[in-house]
Amino acid sequence: MPKYNPAEIEPRWQRYWDENKTFATDVKATGPKLYALDMFPYPSGEGLHVGHPEGYTATDIVSRHARMNGKTVLHPMGFDAFGLPAEEHAIKHNASPREFTEKNIKTFVRQLKDLGFSYDWDRQVSTTDLDYVKWTQWIFLVLFDTWFDVEQQKGRPISELPIPAEVTAEGEDAVREYKDEHRLAYESHAPVNWCPGLGTVMANEEVTDGFAEVGSIRHPVQRVPMRQWMLRITAYGDRLENELSEVNWPEGIKKLQRDWIGRSVGAEVDFFIGEADAVDAWKAGRVKTGFPKSQAEDTLRVYTTRPDTLYGATYMVIAPEHAAVEALTTADQAALVKKYRDDAAIKSDRDRQDDRTKKTGVFTGSYAINPVNGKPVPIWIADYVLATYGTGAIMAVPAHDKRDFEFAKTYDLEITPVVQPPEGVRDVDLAKVAAGDVCFAGVGTAINSGDFNGLTTDEFKQQIIAKFAESGCGSAAVNYKLRDWLFSRQRFWGEPFPILHELDEAGNRTGRLRPVAAEDLPVKLPELEDFKPHGRMEPPLEKADDDWLYPVIDGVKYKRETNTMPQWAGSCWYYLRFIDPNNDQAFIDPELEKAWMPVDLYIGGAEHAVLHLLYARFWHKVLFDRGYLSTVEPFNRLVNQGMILGDVEFTGYRGPDEQWVSSDLVAENDEKKPILESDGTLLHAVKLDPEQAEKATAKNSKTEFVLKSDPSIGVASRAYKMSKSRGNVVNPDVIVAEYGADALRLYEMFMGPLEQSKPWSMSGVNGVRGFLDRAWRMIVDQDADETVLNSAVGDHEATDKQTQTLHRTIKAVSSDIENLQFNTAISRLMEFVNFFTKEDKRPTSIMSQFALLLSPLAPHLGEELWKLLGNENTLAYEAWPEYDESLTVDASVEIPVQIMGKLRSKIVVPRGTGKDDLLALAKADPKIAELLEGKTIMKEIAVPDRMVNLVAK
């Protein structure tokens, strides 16, 4: 019996596609093109799980459909292969991270080919390939050679940077330093996670609550400054935000990008550092008021979006890392300040910014002078202020900022309201605001603000910024939440920087930087004898041999940069290399770039909605500004697929606080049994009626189910993200072996809309496999000894109903694929199979059309059925079926007939029947005629193909 056997069919077609290079791309991109791109994966040691193929299947369906519609398709795959797991494996086993990575890539390629994806495998790239690293390093040198012209709003060569005459007069070193200060790639000092116990710098993802966990041992981690490479992404802040209007992305993703950029307009203001006894000086009248001229020294500069609240600034806060901490700390506060800074050093920026944590701080002992009223304000240190945002110092206005209010209440600091809320503002007690008992962060009218009283917030802002400009103690400013990109990692598995540091005769750095010449790229990673941390607070590549570490060029000794680039580097431009992967003269051929860019469809997880997209857009814009690319944006259409969660888990709990009882609910006699049978029948639990459920809500936190053996135990169901720790990861190899790749592909698309998250269910896989079996039997004789066509399939003339079903299916499936509604496309094909399975005669021509419609979704079965129906070669480039709109509609239509607005009868008429004929047929209907007998028709309403309504008395 020739049953459907994917284990035999699928490998055979995969070999055919591979050997014949069926999906190789015509690089010239003649005619309409589609560049369909997946966010390429990190090749982990665990291989794929079933969440990976979801987005890959979607782009594959679109690519196959496009080829059949005459488009030239670029559909590549590669690997984001630098990463922390390979380093951890190397340290643990003292084995090469490259060998580990390449082994994992082979596993991924095998799994992806097993799923039948139509990638052009000749274009495969890995970010760890030396020819790829070469061009990543080359792009970094472009960044190093670029400065941002604010007036032109574009990046330009550093050779075109205007040098002030006074800088030129100071000599060559001054000019060099000036250029270095304006480069998009520059050196700075930034905090890293230093772990003394392990003797190494830890990545952010390796640190939890200030500790690095290795096995069962938790090692404390400190945040300490270290020399880093930075990328000046903030220079492109406005363009990164404004040019989002040019792309077809979900509005939610655009909002995430805008929020991360966080552009704000406000003012920078200088607070003069007061006398040692500023409070007494204030009382004695020795402090000048009324916008004193700013002084370059002895001032603290703050950035604020609310300069209208300056009169309410009752204290200042600086970050623990602020450069002025030591100078501001008095002797009697030194011990407390040191302890606080040490404690803050182990916290991540994210922890410090968490609004749910209690605000803490310590007084420096110093005061600053508020420039608008001359009052001394105490200067505190608090970790909720970051050195990397704004100026690292804030003026605190507790009456009108929630964090400042909480801090002031904690430390009993003065609260002065300066904004009167408008009358009628909901949930605002005006009296409490005026008394400083509650915080009001909105806009209103100025109070307690000297000559500015009575101004609206906007009027106040304009006038006070003008005052700042006049006095020199401040100015209007634009700021961003976006920080310059910390582009260094203290790791041994990443792209080396193509930068050399000049050394003097004593071996010290002179400050002069030498880019590695383009012809000397790539800079390869050194061969290390072992991968164990060396225990020093410096990058691990410092343990490389001297030949690599200290090159001599033209008699000058240099030291190589020993930081490495982050994993983000390779993923910033891989979409460009796919277009021209073997070019050893340029990172991309300009003509090919113009032919293929931008990417038409980019599908990937929402977890990359911010940083990856932001970084890739930044690199792309720099390359565009420098003339290497022809498009402003890299990705035209973006779609984020939902997450595939693990199978639904059932859990029991007691009480309103949801105290969990067991993840395996215990039934009678402590016998562990599942809550649901495989068919969904509820076991050992009872569903509550509405009245019982209302009572249970207060007791069991909105449960609809309780355990039958113990009604005090509520039953909750939830699907969790797949993870090795939960034991709910599903390996696609297992599914392919048991059900076939087409079943896996089809199920992942049938689970629900692409963008939604949904739980995995093995019963769902089984159901989809059943559909494929039925599609096989619709065309193939299941009772024959050999694989032959079903006796119902032949050169028959199609009936009107069969023709209509075919054309309706073509129309629906075509539209659904174009709109990425794959679940409904599969439903349409299921309806088709259900209909034709009941037909005694199945025209071969219609069955061939079905094979074409099925092929983007289930390509192996589509190819096999196409061949069995007498066609030669692959169907990959066969023309997509076309439909006739007139054949998708019924020849006749049922029309409701109403009298006085009430439905009284229905009539069947030819579609397109005119108004007059429609009225005549309605009146001739026996039921209508009987109801109208003896009545006068006052009004007639007839809408062709829709309805008839008669008003009669």
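Reader: How many bridges join strand E38 to E39, and do they run parallel or antiparallel?
Author: Keep in mind that this is a predicted model. There are 6 bridges between E38 (residues 937–943) and E39, and the two strands run antiparallel. Lys939 has Val951 of E39 as its bridge partner.

Reader: How many residues sit between E38 and E39 in the hairpin?
Author: The hairpin has 3 residues between the strands. Asp945 in the turn has a positive phi of about 70°.

Reader: Which sense does E39 take with E36?
Author: Parallel, with 3 bridges between E36 (residues 892–899) and E39 (residues 947–952). Gln898 is paired with Asn949 in E39.

Reader: Zooming out. How many helices and strands in the protein chain?
Author: The count is 31 helices and 39 strands. The protein chain has 953 residues, and 51% of them are buried.

Reader: And what share of contacts comes from residues 24 or more positions apart?
Author: Among contacts in the protein chain with a separation of 6 or more, that share is 71%.

Reader: Sheets next. What is the strand order in the open sheet with E25 and E26?
Author: The order is E2-E1-E25-E26, 4 strands with parallel pairing. E2 (72–74) and E26 (638–641) are the edge strands. Each has a single partner, so one side of each lacks a neighbour in the sheet. On average, neighbouring strands here are turned by 20° against each other, direction ignored.

Reader: How many bridges join E1 to E2?
Author: E1 (residues 33–38) and E2 are joined by 3 bridges and run parallel. Tyr35 has Leu74 in E2 as its bridge partner.

Reader: And how many for E25 with E26?
Author: E25 (residues 601–605) and E26 share 4 bridges, also in the parallel sense. Tyr602 stands opposite Leu638 in E26.

Reader: How many bridges between E5 and E10?
Author: The antiparallel pair E5 (residues 185–195) and E10 (residues 222–231) has 10 bridges. One of the pairings puts Trp194 with Gln222 in E10.

Reader: Switching to helix pairs. At what angle do H3 and H4 pack?
Author: About 125°, with the axes of H3 (residues 84–93) and H4 (residues 97–114) 9 Å apart. That makes H3 oblique to H4. The crossing is right-handed.

Reader: Which residues of H3 and H4 meet?
Author: From H3, Pro85, Ala86, His89 and Ala90; from H4, Pro97, Phe100 and Thr101. By class, that contact has 5 nonpolar, 2 polar and no charged residues.

Reader: What is the angle for H23 and H25?
Author: H23 (residues 732–739) and H25 (residues 762–779) pack at about 35°, with axes 11 Å apart. This crossing is right-handed too. Ile735, Glu738 and Tyr739 in H23 meet Met762, Val765, Asn766 and Arg769 in H25. The class count is 4 nonpolar, 1 polar and 2 charged residues.

Reader: Backbone check. Where is Asn94, and what is its phi?
Author: Asn94 is in the loop between H3 and H4. Its phi is positive, near 50°, and Asn94 is not a glycine. Why flag that? Most residues other than glycine have a negative phi, and most peptide bonds are trans.

Reader: Is Asn94 buried or partly exposed?
Author: Partly exposed, at 40% relative accessibility. Lys21 also has a positive phi, about 45°. Lys21 lies in the loop between helix H1 (6–19) and E1. With a relative accessible area of 47%, Lys21 is partly exposed.

Reader: Which bond is cis around Pro522?
Author: The one from Leu521 to Pro522, with omega near 5°. Pro522 is in the loop between E22 (509–515) and H17 (546–549). Met597 and Pro598 are also joined by a cis peptide bond, with omega about 0°. Pro598 falls in the loop between H20 (590–596) and E25.

Definitions and conventions
Residues are numbered from 1 along each chain as its sequence is written. This is a predicted model: local features need pLDDT of at least 70, side-chain atom pairs count only at pLDDT 80 or more; totals for chains, interfaces and linings use all residues. Side-chain values use heavy atoms; hydrogens and water are left out. Axes are lines fitted to C-alpha atoms, for helices over the stretch in contact, and angles run from 0 to 180 degrees between N-to-C directions. Angles under 35 degrees count as roughly parallel, over 145 as roughly antiparallel, 65 to 115 as roughly perpendicular and the rest as oblique. A crossing is left-handed if the near helix is turned anticlockwise from the far one by less than a right angle, and right-handed if clockwise. Contact means heavy atoms within 4.5 Å. Ala, Val, Leu, Ile, Met, Phe, Trp, Tyr, Cys and Pro count as nonpolar, Asp, Glu, Lys and Arg as charged, and the others, Gly among them, as polar. Two strands pair if DSSP finds at least two bridges between them. Buried means under 20% relative accessible area, exposed over 50%, partly exposed in between (1.4 Å probe, protein chains only).
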